[in-house]
Amino acid sequence: MAANSSNGEQQTTSKPPPLPSPLRFSKFFQSNMRILVTGGAGFIGSHLVDKLMENEKNEVIVVDNYFTGSKDNLRKWIGHPRFELIRHDVTEPLLVEVDQIYHLACPASPIFYKYNPVKTIKTNVIGTLNMLGLAKRVGARILLTSTSEVYGDPLIHPQPESYWGNVNPIGLLFVVGVRSCYDEGKRVAETLMFDYHRQHGIEIRIARIFNTYGPRMNIDDGRVVSNFIAQALRGEPLTVQKPGTQTRSFCYVSDMVDGLIRLMEGENTGPINIGNPGEFTMLELAETVKELINPDVEIKMVENTPDDPRQRKPDITKAKELLGWEPKVKLRDGLPFMEEDFRLRLGVSKKK
Ligand SMILES: NC(=O)c1ccc[n+]([C@@H]2O[C@H](COP(=O)([O-])OP(=O)(O)OC[C@H]3O[C@@H](n4cnc5c(N)ncnc54)[C@H](O)[C@@H]3O)[C@@H](O)[C@H]2O)c1
Ligand SMILES: O=C(O)[C@H]1O[C@H](OP(=O)(O)OP(=O)(O)OC[C@H]2O[C@@H](n3ccc(=O)[nH]c3=O)[C@H](O)[C@@H]2O)[C@H](O)[C@@H](O)[C@@H]1O
């Protein structure tokens, strides 16, 4: 059996894919698409669920252990006949009957994934194995949300999918809080996806997500956009980690969800970068937040964490060509949507 790779080359798999459930195509009994979203109570997952639920032919099952996610993000769907929420940790096997799996479960903010690094690796490795085992049993297509962190501290800029990355696999000796549990965990998860694809014919999709922001991020999530917005609204200094010249490219969450669904529905395995190529230094981001949200706050330089990537920007040529996707929301247009959500949750109204 042959499948297209992201490079447009043919890849051979040793086995034909497992047959999808006979019910997927049954005319009378079950005409809905049954979709599992792991990590669906989190930031990106809950926006993805909102979009999937708009289609009346979709039934959505969310599994989440609520480590960084919350039922609150899904409250409008609880009780809906096409929606089901299960408290479950993906490091344990899961038996459900589904046609598609969006596998997002994994803490994404560095302060959370570094909190229990062994658990982060288990989530990425055992969790992805379990979801691949499920995909194999029921013949489901599975999409993994990988990350730009597979490129580590990149030596090529911007990063194309063909770049193998520059990741420190062990971090610094005796320094607590290194990134490798996440970066290497996601790299192994990608390897597992391709091995299941080649060995068992599983239909896989891999998205390499670049920094995404938007409403519903945890207020004390620790990621830079949520930190700056919360700090600006609380009237606290914006903490720019040194040197401040490091760059990131920020994608608004609705663009991200659109890209993930196109990837799942399309014919390409990936990996495909999904992100916004607009690149900003952290000082520029702080200046923008200050200007848009609170011109009175100060910008304070603080110590950084080990192995922080110095630059990051996606090459999205493939997403454009293969998915017909590119982001629509510019940073300056997306930040006010997030400000509005944070104002509501923090109880800070706009000055008249
Ligand atoms: N947001 C970004 O900028 C970004 C960038 C690159 C990749 N990603 C990837 O996208 C996915 C979602 O990220 P997010 O920003 O929504 O993060 P998030 O932390 O808001 O969501 C992750 C969800 O997974 C759940 N979870 C964690 N471990 C679990 C486990 N063992 N079992 C079951 N559920 C578990 C959490 O409770 C949470 O609801 C993650 O896989 C992340 O690695 C995100
Ligand atoms: O897009 C990705 O692939 C990855 O991006 C983020 O990781 P990171 O870029 O380190 O995200 P932040 O914690 O938001 O940091 C971004 C930059 O802002 C800086 N920062 C962070 C927080 C802060 O208060 N101030 C500040 O200057 C950091 O030093 C870093 O240079 C995500 O959190 C990962 O889950 C994700 O996989």
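Here are some notes for finding your way around this structure, which is a predicted model.

1. Let's start with ligand 1. There are 27 residues around ligand 1, and the closest are Gly39, Gly42, Thr68, Gly69 and Ala108. The elements that each put two or more residues into this shell are α1 (43–53), α3 and β7 (141–147). Of these, α1 gives the most, with 3 residues. Sorted by class, the shell around ligand 1 has 12 nonpolar, 13 polar and 2 charged residues.

2. Now for ligand 2. Its shell holds 20 residues, and Ala108, Thr147, Arg223, Val224 and Gln241 are the closest. The elements giving two or more residues here are α5 (224–234) and β10 (238–241), and β10 gives the most, with 3 residues. By class, you get 7 nonpolar, 9 polar and 4 charged residues around ligand 2. Keep an eye on Ala108: the name is on the list of closest residues for ligand 2 and also on the list for ligand 1.

3. Helix α5 deserves a look of its own. Is α5 enclosed by the rest of the structure, or open? Largely enclosed, because 10 of its 11 residues are buried. The buried residues are Val224, Val225, Ser226, Asn227, Phe228, Ile229, Ala230, Gln231, Ala232 and Leu233. What do they pack against? The partners are the strands β9 (212–213), β10 and β11 (247–249), plus the helices α7 and α9. After α5 comes glycine 235, with a positive phi near 75°.

4. Two of those partners, α7 and α9, also meet each other. The axes of α7 (residues 282–293) and α9 (residues 331–346) come within 11 Å and cross at roughly 60°. That angle makes α7 oblique to α9, and the crossing is right-handed. On the α7 side the contact uses Thr288, Val289, Leu292 and Ile293, while α9 brings Leu331, Arg332, Leu335, Pro336 and Glu339. This contact divides into 6 nonpolar, 1 polar and 2 charged residues.

5. Next, the pair α3 and α4. Helix α3 spans residues 117–138 and helix α4 spans residues 180–200; their axes come within 9 Å and cross at roughly 15°. The crossing of α3 and α4 is right-handed. From α3, the contact takes in Pro117, Thr120, Ile121, Asn124, Val125, Thr128, Leu129, Leu132 and Lys136. From α4 come Cys181, Tyr182, Gly185, Lys186, Val188, Ala189, Leu192, Met193, Tyr196 and His200. Sorted by class, this contact has 12 nonpolar, 5 polar and 2 charged residues.

6. Phenylalanine 112 is a handy landmark in helix α2 (residues 110–113). It counts as partly exposed because it has 18 C-beta neighbours inside 10 Å. Leaving aside residues up to four places away in sequence, phenylalanine 112 touches Thr68 and Pro107.

7. The one from lysine 242 to proline 243 is cis, with omega near 5°, and proline 243 sits in the loop between β10 and β11. Glycine 270 and proline 271 are also joined by a cis bond, with omega about 5°. Proline 271 belongs to the loop between α6 (253–265) and β13 (272–274).

8. Tyrosine 66 has a positive phi of about 60° and lies in the loop between β4 (58–64) and β5 (83–87). Arginine 216 has a positive phi too, near 80°, in the loop between β9 and α5. Which is their setting, buried or exposed? Tyrosine 66 counts as exposed because it has 11 C-beta neighbours inside 10 Å. Arginine 216 is buried, with 22 other C-beta atoms within 10 Å.

Note on methods. Residues numbered from 1 in each chain as written. Chains lettered and ligands numbered in written order. Predicted model: local features only at pLDDT ≥ 70, side-chain atom pairs only at ≥ 80, totals over all residues. Near = placed C-beta within 6 Å. Helix = DSSP H or I, 4+ residues; strand = E, 2+ residues; numbered from the N terminus. Nonpolar A, V, L, I, M, F, W, Y, C, P; charged D, E, K, R; others polar. Axes fitted to C-alpha atoms, helices over the stretch in contact; angles between N-to-C directions. Parallel < 35°, antiparallel > 145°, perpendicular 65-115°, else oblique. Left-handed = near helix turned anticlockwise from the far one by under 90°. Contact = placed C-beta atoms within 7 Å. Buried ≥ 20, exposed ≤ 12 C-beta atoms within 10 Å, placed from the backbone.
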